[in-house]
Amino acid sequence: MFNCLNKKQNTIFNQHNILKLVKKYSSPLWIYDANIILKNIRKLRQFDVIRFAQKACSNIHILRLFRENGVKIDAVSLGEIERGLISGYNSINQGIIFTADVIDFLTLKKIKRYRIPVNVGSIDMLHQIGEVSPGHHIWLRINPKFGHGHNKKTNTGGEHSKHGIWDISLTIPLIKKYNFKLIGLHMHIGSGVDYSYLERACEEMVKQVLCFNFDIQMISTGGGLTIPYKLNERSFDIKKYFTLWNEARKKISSHLNHVVQLEIEPGRFLVAESGILVSEVRSVKKTSSRLFVLVNAGFNDLIRPVMYGSYHHISVISGDGRVLNEENTKETVVGGPLCESGDIFTQNSQGDIEVRMLPRVKPGDYLVFHDTGAYGASMSSNYNSRPLIPEILFEDGHFRVIRRRQTMEELLRLETHCV
């Protein structure tokens, strides 16, 4: 193995386990460690409510793990509501909340039937919900008129963001008209939190409550908590994050003369480090200036490097038991099998090719992409008519399949059985 296979200490991601799973289930495949998820949950226990943004990793077995450990969930689509319900969540104590900027009629019927609170991101949604379900329990998602993200595509605030309500004063007459039960205010400025922007968000939350005198029971910080994707990166300061929002909560509680609960809604923080993607080297080829290592996983499996230029640490495992020479490394471009020039795992946010220093590999070796538990499997697709790959979870001392490999028959069934 090369370049710190055990990027996170005390995990099950070792050469023995990976090769054993590849032999049994083939590759590519996802592997998760439930112990890492549980450890990250414990880091957030100072918050009154931990709510998992399931879009990061929506497998129902992962959702059940969260439910069993007292974590609530957020759903952003009808499909995610269904996932929440089948995982055992319900509207009791806001176990599941629907967050969106638009809502369709089928989703309206579902949230009314199951009395699922809605985190409302647009004025039109208030009209649409009110006409179907007057008296519904709601949150208001505020656009604070500024935002921040590790990539411009992950910035969820400001005038160029579609998310949230810009003028919160417009909600007041509609809340009264439809007799909505306002639970709380939600403010999320983007992914990859910057502390200076975070302080502004806290101040803006307090300002909104004081200006419009909303009587609320909760405030939500949203998510956006990052993780150290690179070996030399520092972990996120949870204590500082909590302290800033707790001070805002105290000011709001003092103004309203009652205790207001503090909710956090992370996605990547809870699951990113828990997952890896294992792929097999299928070709090694050279051009006049590049060495390409091509694996059997593509951006249909892991799209983050293509979409955001995201970095994922890459480890190497020899497929034939030989010892890899860690002193003799080469500048390597890692790509996938798709019929797309952009199917490259080592690129920046502008799409420029970057390299990794990797030892000499050959077909039959394996590359492991680390920290892919968030926005890995949940963003995968059938592009190039490639079946979805299996997900394996390590929990309670053993591995089990939580999503089997999709068959070609299943992939084509919607087209072959459409009459």
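## Terms and model

Helices (H or I, at least four residues) and strands (E, at least two) are DSSP runs, numbered from the N terminus. The model described here is predicted.

Most residues other than glycine have a negative phi, and most peptide bonds are trans. Asn 179 sits in the loop between α7 (171-177) and β7 (181-186). Its phi is positive, about 55°, although Asn 179 is not a glycine. Asn 179 counts as partly exposed, because its relative accessibility is 48%.

Asn 93 is another non-glycine residue with a positive phi of about 55°. Its loop runs between α4 (78-86) and β4 (96-100). Asn 93 has a relative accessible area of 58%, so it is exposed.

The peptide bond between Ser 27 and Pro 28 is cis, with omega about 0°. Pro 28 belongs to the loop between α1 and β1 (29-33).

## Around Val 22

Val 22 lies in helix α1 (residues 15-25). Its relative accessibility is 9%, so Val 22 counts as buried. Leaving aside residues up to four places away in sequence, Val 22 touches Ser 27, Leu 29, Val 278 and Tyr 366. Val 278 is 256 residues from Val 22 along the chain, yet their C-alpha atoms are separated by 8.1 Å.

## Salt bridges

Side chains of opposite charge can pair when their charged atoms come close. The whole structure has 13 salt bridges. One of them joins Arg 51 and Glu 263, whose closest N and O atoms are 2.8 Å apart. This pair links distant parts of the chain: Arg 51 is in strand β2 (residues 49-53) and Glu 263 in strand β9 (residues 261-264), 212 residues apart. Both residues are buried.

Glu 247 and Lys 250 also form a salt bridge, at 3.6 Å from N to O. Both lie in helix α9 (residues 238-256), 3 residues apart, or about one turn of the helix. Glu 247 is partly exposed, at 38% relative accessible area. Lys 250 is partly exposed too, at 46%.

## A charged network

Asp 320, Arg 322, Lys 362 and Asp 365 are linked in a network of salt bridges. Asp 365 counts as buried, because its relative accessibility is 1%. Arg 322, at 26%, counts as partly exposed.

## A positive patch

Lys 39, Arg 42, Lys 43 and Arg 45 gather in a patch of positive charge on the surface. Lys 43 lies in helix α2 (residues 34-43). Lys 43 has a relative accessible area of 38%, so it is partly exposed.

Key:
Residues are numbered from 1 along each chain as its sequence is written. This is a predicted model: local features need pLDDT of at least 70, side-chain atom pairs count only at pLDDT 80 or more; totals for chains, interfaces and linings use all residues. Side-chain values use heavy atoms; hydrogens and water are left out. Patches are made of residues with over 30% relative accessible area and no salt bridge: like charges are joined within 9 Å, nonpolar side chains (Val, Leu, Ile, Met, Phe, Trp, Tyr) within 5 Å. Accessible areas come from the Shrake-Rupley method with a 1.4 Å probe; for residues, only the protein chains shown count as cover. A salt bridge is a side-chain nitrogen of Lys or Arg within 4 Å of a carboxyl oxygen of Asp or Glu. Lys and Arg count as positive and Asp and Glu as negative; His and the chain ends are not counted. The place of a charge is taken as NZ of Lys, CZ of Arg, CG of Asp or CD of Glu. Buried means under 20% relative accessible area, exposed over 50%, partly exposed in between (1.4 Å probe, protein chains only). Contact means heavy atoms within 4.5 Å.
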